[in-house]
Amino acid sequence: MSNMKDQDHLVDVADAAQIERMHALLARQRAAAAAQPFPTLAQRRAQLDKLIDLLRRRQDDIAAAIHADFGVRSASESKLVDVMGPLLEARHVRSHLRRWMRPRRRAAELLFKPNRAWVQYQPKGVVGIIGTWNFPVYLTLGPLAAALGAGNRVLIKTSEVTPRTGDLLREMLAECFSEDEVAVCGGGVAAAQAFNALPFDHLVFTGSPRVGREVMRAAAQNLTPVTLELGGKSPALVGRGNLQDAALRITHGKVFNCGQVCVSPDYALVPRGQAQAFVDAVHESFTRLAPQVAGNADYTSVVTERHAARLRELLADAQAQGARLWPCGPSDDTGGSGRQMPLTVVTQVNRGMRLMQEELFGPVLPVVEYDSLDDALAYVAAGERPLAFYGLGLSGAEEARVLKESHSGGVSINDWGWHVFQHDLPFGGVGNSGMGSYHGEEGFRELSHAKGVFKRYRWFPVQLFYPPYGNLVQRLAMRWYLGRGH
Ligand code: NAD
């Protein structure tokens, strides 16, 4: 007991040290931003080059750190998402930056011609980034690339669930950035709360809708604008096309990082009467993608015992309420991390069950049968707006209806998740799945201030708008715009 108290005290002390450090870092970065408020194109590109080089050089260290944090994390998945993801984002920003940074000419009102109006994109200043554990490098260095492209200084708060990766990020970034350019803070939830109470010029938060609300509340005290990258229950709508293909692609979305992906297909909607055929096809797909679960280096484990216990509880709750569970393999309680859980498909589900209320974020796939497209769309619309929507094997007309009638952060058609990896597309949620976006040009705009500028030239007849009012030209202008009523 006293041991636990000592440990709590140690954690508090560690958090207190982190909190002190983050205040000092913010002050340093603010001063540096004030001293150099508008980094040039060449300076921003040089920073992005350093980031790209770092990712290439340290790819094995990154994969090893995430593996150590997870218990088992497929090195291929780490390299594909946590190394290649931010690398592609940084490359995309680098190659489009010149055009994005250019001031954009806008039309001056007719009455004000030929004076000039334009938008100047200015760095916001210091951007805070709070990442999470499921892709601990992509979700911190991806926003970092966008923030650097926009000319900002950046403070990153890493997740307490992946401390080794957090330490590695701090060490790696210190190799090529000074702390007044980019700095990394660790610590637990108290440190995260102190972090989001800092008066940043913009805050990018990735995590759950629940904590997203807390982050927005804290940011409101400083009127800090926020980008909230949250989650939700992303549906996979299976049409009357090839069921095997749809099942394989959805299963991949649950096998990849063991379903711990914000855009993982959360549940499947299948035409009534096809649930059993779909369950069989998912089983077959799972066996193909993960022929063995325990000890399989390509099959990532559930990140902590707490997360694994939550998934078991969701399954037990559903079973107690009459759902049928179809595990795709024996659960692993011996080899590997002890948390390499096989996928469980669940049929006969209803909205009263916890697993149809909470985002699953793991290897559990509920199957809901629908009668018509109207039915399926209404089912999705009755819940919170998801981060992604997947349509697989739909007709062209059905696809068009999904795109126009459903709300979601993004969409992949005939697969899951890959829209996020197109770095020219904005990535973000809507409603409960978040607000704002990064990636691509939208990321640059989000992390820049769009400053509207009007420039008056010498011969602008401004006296037309000076009192005393009522001269002929004024009256004509008013009549032209406002009509005879004036
Ligand atoms: P979480 O909200 O519990 O934690 C996310 C981060 O917030 C962590 O780094 C944590 O340290 C920090 N945090 C915790 N409490 C905080 C507080 N009170 N104030 C400020 N920060 C706090 O999320 P999680 O469970 O770690 O991650 C899973 C969730 O994240 C899922 O909902 C998933 O969909 C979502 N997610 C979204 C994206 C995206 O890009 N949209 C990506 C990955 C995960």
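**View 1. The largest nonpolar core has 70 residues.** The model is predicted: local features need pLDDT of at least 70 and side-chain atom pairs pLDDT 80 or more, while totals for chains, interfaces and linings use all residues. Residues are numbered from 1 along each chain as its sequence is written, and side-chain values use heavy atoms, without hydrogens or water. A nonpolar core joins buried Ala, Val, Leu, Ile, Met, Phe, Trp, Tyr and Cys residues through side-chain atoms within 4.5 Å; buried means under 20% relative accessible area with a 1.4 Å probe, protein chains only. Leu237, Val263, Leu269, Phe278 and Leu355 have the most contacts inside this core. Helix α10 (275-289) gives the most to this core, six residues. Helices are DSSP runs of H or I, at least four residues; strands are runs of E, at least two. Domain 1 (2-230 + 438-448) and domain 2 (235-428) each supply at least three residues; the bounds come from an automatic or database domain assignment.

**View 2. Val263 and its contacts (heavy atoms within 4.5 Å).** Val263 touches Leu387, Ala388, Tyr390, Trp416, Gly417, Val420 and Phe427. Residues up to four places away in sequence are not counted.

**View 3. A second, separate core has 46 residues.** Among them are Val83, Ile129, Cys176 and Phe177.

**View 4. Seven strands form an open sheet with mixed pairing.** The order is β10-β11-β12-β9-β8-β13-β14. Paired strands share at least two DSSP bridges. The edge strands, β10 (324-327) and β14 (410-413), each pair on one side only.

**View 5. Strands β9 (267-271) and β12 (364-370) pair in the parallel sense.** Four bridges link this pair. Pro271 stands opposite Tyr370 in β12.

Methods
Buried < 20%, exposed > 50% of the residue type's maximum accessible area, 1.4 Å probe, protein only.
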